[in-house]
Amino acid sequence: MCGIIARIGEGDAITKLVSGLENLEYRGYDSAGVAVQNGSGISVYKRSGQVSELKDSLVSSVPKGNVGIGHTRWSTHGPPTDENAHPHTSQTDEVAVVHNGIIENYTELKEMLREKGHEFTSDTDTEVIPHLFEQYLEDAPDNVTAFRQTVRDLEGSYAVAALVDGEDAIYAARQGSPLILGLDNGEYYLASDVPAFLDHTEDVVYFEDGDMAILEPTGVTMTDMEGNRINRDVEHIDWDPEDAGKGGYDHYMLKEINTQPNALSNTIEGRVQDGEVNLEDFPPGTFDNVDDVHFVACGTSYHAALYGQQLLSNAGIRAQAFRASEYVDASPGPVSENTLVIAVTQSGETADTLGALRQAKTEGAQVITVTNVVGSTAARTADEALFIRAGPEIGVAATKTFSSQAVTLSLLSVRLAEDIDGASLPGDVDEMLETVYDLPKHVDQVLETTNARAIAEKYTDSESFFFIGRGLNNAVAKEGALKFKEITYEHAEGFASGELKHGPLALVTPDTPVFAVFSGDGDGKTMKNAEEAQARGAPIVAVASADHDVIDIADSHLEIPETHPVWAGLLANVQLQLVSYYAARLLDRPIDKPRNLAKSVTVE
Ligand code: M6R
């Protein structure tokens, strides 16, 4: 988990590398570095801290170079020190490398290289790569062969970009970690994600596992690991570069919360027509042979999966949401071609989710992914992909993608209920599908009228924050708590409302506000559970429509428009996103880059 970038072409590379790294910082921000070829060796600049600190340290005396590589790190092997920052170099500084992923056999490689006289200066797994490359350069007939020998020795996952001193070229390879080529009229980029070079080009080539490439000023040569030439299609990305910037907001998170109406319009567009669900590659009958559904996902995506699971269970379909990291050990029972495994992942690169997805595929299940990123590993590995179309999400806290995932899964649940034998559509499905197009407008209403800031001010000094809900709103409560703890660093927990009395109630005091989610479904019991907490002194913040009965007893109220319960839960979630955002702001937290986290978790 890290972001890499590389660039070759006319003119100076450093500025483009650094601005690319700024757009990749959501992948990690412990340390950063760049290396350029400048006619007198490879110059490396790296340090612990964020990219802005690297940028400040790059004074005008930095030698220029037209070919370079860069890296922003999320530590896996060794703390975030200057020494552990990438790029890493070889024994004689002949080679410099940036790497995203994990080299599982680095200890053996290090040992072997030490025996040949190599000395290492960092704790990282990555450092073996430049040393190994340099070792192979000694005897290989050419540099390409030496690079191929190097990557073939690596076990684990990697997206690698390397420079060799004195050569106008970048060597690259992918196995298990994302790597994308950007083509811009004689200028070529490599990056872990498209926003790194979106200011320069929208024409991209996605590397597949086992792909290698040599980038030269004259063009790019792609091969497999045997050296056979391969051709990959050039794809045009229609992302607005503005989408990858803050667009005038103080934080990406606030921008992403506020642009949910647009994201949701894109998610929904064309997918409900004349009261029928229309899901591109999933026409009626697609799921005729499905008996069971497993969701695999992590974090926020897992909460969206819980939403999906609840809807399928309501339709009488056997469905279970698994935390992807637990799927292998959870023994969900034998899977077969009649098991549909749905991997829910915003990035499409989460290692735990990919692990579960691959296992399910190996065991013969039908595997689809619900993802935001076209060209992601999940989209390429699953049998089919259903895109949530939320646009790039940069803030580490997932916001608009949760809403778009939940809507996509809600529509998918209708298709599944139509297809699967014995399942039944909910009685109010017509109303649900009619009102889905109101959702962007209702989110707008929430954004315009919210009192979330005042609620955050009222309760931020509290000791703990509880979130409760029942059924679909259990998923919303859990998501509300995850968001809150992730960006405020305050203790927050989300519970099925009925669970409060089975333990958590012992923690309830006047200093533990309880955010209770009411969407018009199973609300009576949640109200009772909220009152039980209130009787122990906890202030109740009701997230509910204006005329809900709970308003008479609640201490505070976050209002949501009246709509179908499936969409009401998502409106409640927007209010909770805003409370978390304003609380984190009051506490002066680094909202877009919470400590110890990264947007895309590509390690297990
Ligand atoms: O990219 P994914 O949806 O697979 O990511 C899964 C989680 O890492 C992610 O949702 C995480 O929990 C969020 N940062 C929470 O806001």
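I'll start with T512, which counts as buried because its relative accessibility is 1%. Buried here means under 20% relative accessible area, exposed means over 50%, and partly exposed is in between, using a 1.4 Å probe and protein chains only. T512 sits in the loop between β23 (491–496) and β24 (514–517). Helices (H or I, at least four residues) and strands (E, at least two) are DSSP runs, numbered from the N terminus. A polar atom of the T512 side chain lies 2.8 Å from the backbone oxygen of T509. A polar contact is a pair of N or O atoms within 3.5 Å; within protein, one must be able to donate a hydrogen and the other to accept it, and residues adjacent in sequence count only if both atoms are side-chain atoms.

A word on what you are looking at. This is a predicted model, in which local features need pLDDT of at least 70 and side-chain atom pairs count only at pLDDT 80 or more, while totals for chains, interfaces and linings use all residues. Residues are numbered from 1 along each chain as its sequence is written, and side-chain values use heavy atoms, with hydrogens and water left out.

Next, strand β20. Is β20, residues 366–371, enclosed or open? Six of its six residues are buried, so the strand is largely enclosed by the rest of the structure. In a regular strand the side chains alternate between the two faces of the sheet. In β20, Q366, I368 and V370 point one way, and V367, T369 and T371 point the other.

β20 has strand partners. Two strands pair if DSSP finds at least two bridges between them. With β19 (residues 339–345), β20 pairs in the parallel sense over six bridges, and T345 has T371 as its bridge partner. With β21 (residues 384–387), the pairing is also parallel, over four bridges, and there T369 stands opposite A385.

Which residues are closest to the ligand? They are S301, T345, S347, T350 and E486, out of 14 that surround it; a residue counts as near if one of its heavy atoms lies within 4 Å. The shell divides into five nonpolar, seven polar and two charged residues. Helices α8 (299–314) and α16 (472–488) each supply at least two of the shell residues.

Now the contacts. An N or O atom in the side chain of T345 is 2.7 Å from a ligand oxygen, and one in the side chain of E486 is 2.7 Å from a ligand oxygen. A ligand nitrogen is 2.8 Å from a polar backbone atom of V396. On its own the ligand has 410 Å² of accessible area, and the protein covers 90% of that. These areas come from the Shrake-Rupley method with a 1.4 Å probe.

Last, some backbone details. Most residues other than glycine have a negative phi, and most peptide bonds are trans. D274 has a positive phi, near 50°, and lies in the loop between β15 (272–273) and β16 (276–277). D274 counts as exposed, at 81% relative accessibility. For R389, phi is near 55°, and this residue is partly exposed at 29%. Finally, H86 and P87 are joined by a cis peptide bond, with omega about 0°.

Note on methods. Nonpolar A, V, L, I, M, F, W, Y, C, P; charged D, E, K, R; others polar.
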